[in-house]
Structure formats: structure tokens, C-alpha cells
Amino acid sequence: MTQTRIASVNAPSTVQLRDEELASPGPGEVLVRIRYCGVCATDTHGYSAPQFIPKAVFGHEWTGRVVEVGEGVATVAAGDRVVASVGPACGACSMCRAGHTEQCDTAFAEANGIDPEAPEHGGFAQHLLVSERRVQRALDELSDEQLGLVEPTAVTFHAVRRAKQELGAVVVVQGAGPIGLLTAQHARHAGAGVVIVVEPSEARRETARSLGFTEVFEPGSEFQARVLAVTDGRGADVLYECTGAAGLFQASAELVRRGGTLALLGYPMTESQVSYGDWQSRELTVIGSLAYTHSDFLGAMRALADGAVEAGPLITGVITLDELPQLLNELEGGNTKHAKVLVAPNG
């Protein structure tokens, strides 16, 4: 048995910190000692409305070291550093049998914390007992801090890959939070000719500039004029919507050229209204993107390892598990200067 401390949410805006004993791993399971767990917008949603977020998703951006493995585990061993992941395509579900392995039902359920083997809590804990499918061995050249951002890096790697962005494309990234800044870096790495970042927060715009982006604007007429000037009036080839603000969807679409691509990463928590006729008449390609596949994690780690994606400037704080309730209150209120905060449950 392993003594551990866990943070979970069982009521709106209330974090419960409790001590618990975890059993040794069973067949196909691994016990991980958590090094870092990133805090993201989904965690804030889960803090405000836990009924909408599976228990395993509250604290899903984790990395750590394997302490013990159960019978039959073959991909990792005790002592290995690992990142949160999903398993490869199972080959047995309806999607896989039809040849759609990129949309494997098993991996999709794992990504959303709704599979039968989902743990009872996430990585806001000192230890986590999970299926072997939920871990992937970390690349040796990455620091623990970089590994703390692999999960959101995989989310954005997946989105840019799905968008099939062409070389030399004029790209707009809407929102310069962690997801937007990671998306912008992947888009640049994928060969974008121009990357234009739009963000209302000056602090986040400054972070974008520190990452080497020169076309950085606050929302408004200057930004819109720049998009039209760069494209000779056509509009962006690809726009990555990273805010999840439902009211921006139609305005975002109108910045995309005829025949261009609107890629949706931000997840709206409310209904949205768009002009179906506008989208159809301009033959927009609309790409939804949610979570990732097993291979996206390796791509994300390689992008971090070769410097195509920088994680350091996004990390604005490291806190203890006991400080998590205070941070979530701050994030819920919207009055924060933080980009990405890592929780270090074991100090």
C-alpha cells in the first residue's frame, strides 16, 4: 500500500484534500509518483461545475516517475519518467474495425476520462494508479518542466496536424493563452508563411513576442486591416480559434478566405450562433479538434526536444497541492496574470 494525498472536487468551487492508501498495481497497471500536473481551463470548468467533468479529467496534464508496475506491463518499468497519454488504437472497436484508427473509440474514451479503466482521480495527487495504456515513456532529453506541458502540446500538435496547413500559409491564431501560444508555435513549425496572433491581454501578447512572433495584435480594426493587407484582401488561409468564446465563432469565420480553413480548438461551454449560409457559400473547411492520439504525444515531445516549441515562457508559477484551491479561486474569478501553473504535489 502507498500513502498518498489527493485533491478532488465534489461540490462546486470546493476542493477536497484527503489522504488515501493506494493498493499495489494489478495486472496491466502502473503506479506513478507525480512530479508536476498542469492546471488548465478544463480544470477551472471542473472546479466551477464538477458534474460536467469526469473525475479523471480534473488534473489530466501530469508527468511523473513509475514507482511500481503490475503483472504483464511491458512498455514501462519502475524508475521510468512518463507522461499522461492515451493508448494506441485498440484494433477492436467499431471505428478501428472500419479502418478509422485515428478515431479509435477506446483511445477517445481514455482522452475524455470515460473509459472503464479511468482512475478515480487525476494528477492533482502525490501518486496515481492507472492503466499502462495511460502512460508513455518520456524522452530522456526533456526536463521535468517540459514534460509538465506535454499534454497541452499534444492537444495543439493534433489540431495543427488535422488542419493540414499548407506550406507558406497565412495563419491567424485567436487567443494567446497556453493553447494559443502552443498552436502558434506548431503552425510556425509546420511551415506557415505568416503567423498573426490576436489577444486582448497585453501580458499574453508580450509572451507571444518573447516566443519570436512579430505579428501580434489586440482585437480591433488594426488587426483586421493587417490580415487583409497581408492577404491582398482575401483573408487567412487558416484560422485557429483557441479561446472557446462562442460569440467569436462567426467573426472568426469571416476572417478566413473563401475555401480556407477554420480550425476549432477552444471548447465553448455555451451554445453558439453562426451563419450557415456564409460558411457554405464561401466553401469553408471547418475542422473540429478535441484531445489527441497516442502518436501525437511522441510528436509533441519531439517538438519540445528540438526547440520547435518552447514551454518555459508559458510557465508562470509552480505551487504545492495545498495552494491549489487558492489558485482555482483566482482563475475562476478571471483576475489572473498566469499563463500556465504547474502543481508539484510532492514538493
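The model is predicted, so local features need pLDDT of at least 70 and side-chain atom pairs count only at pLDDT 80 or more, whereas totals for chains, interfaces and linings use all residues. Residues are numbered from 1 along each chain as its sequence is written, and side-chain values use heavy atoms, with hydrogens and water left out.

**The cavity**

Begin by selecting A56, H60, W62, E110 and R134, which lie nearest the centre of the largest cavity among its 19 lining residues. Helix α3 (105-111) and strand β6 (127-131) are the elements that give two or more residues to this lining; helices (H or I, at least four residues) and strands (E, at least two) are DSSP runs, numbered from the N terminus. A cavity here is a set of points, on a 1 Å grid over the protein atoms alone, where a 1.4 Å probe fits but cannot get out, and lining residues have an atom within 4 Å of a point. The structure holds 1 cavity of 30 Å³ or more, and about 160 Å³ of space lies in the largest cavity. Volume is the space filled by probe spheres set on the points, which are joined across faces, edges and corners.

Colouring the lining by class shows 11 nonpolar, 5 polar and 3 charged residues. Nonpolar covers Ala, Val, Leu, Ile, Met, Phe, Trp, Tyr, Cys and Pro; charged covers Asp, Glu, Lys and Arg; the others, Gly among them, are polar.

**The salt bridges**

Across the whole structure, 19 salt bridges are found, each a side-chain nitrogen of Lys or Arg within 4 Å of a carboxyl oxygen of Asp or Glu.

Select E120 and K55 next: their closest N and O atoms are 3.8 Å apart. E120 sits in the loop between α3 and β6, and K55 in the loop between α1 (41-48) and β4 (61-69), 65 residues away. Both residues are exposed (over 50% relative accessible area; buried is under 20%, partly exposed in between; 1.4 Å probe, protein chains only).

Now select E61 and K340, a salt bridge with its closest N and O atoms 2.8 Å apart. Because E61 belongs to strand β4 and K340 to strand β15 (residues 340-343), the pair ties together parts 279 residues apart in sequence. Both E61 and K340 are buried.

Continue to D80 and R137, whose side chains meet in a salt bridge (3.8 Å, N to O). D80 lies in the loop between β4 and β5 (81-84), and R137 in strand β7 (residues 135-137), 57 residues apart. D80 is buried, at 16% relative accessible area, while R137 is partly exposed, at 41%.

Finish with E202, R205, E206 and R209, which salt bridges with shared partners join into one network.

Conventions
1 Å grid on protein atoms, 1.4 Å probe; cavity = no way out; pocket = protein on both sides within 12 Å on 5 of 7 lines; lining within 4 Å.
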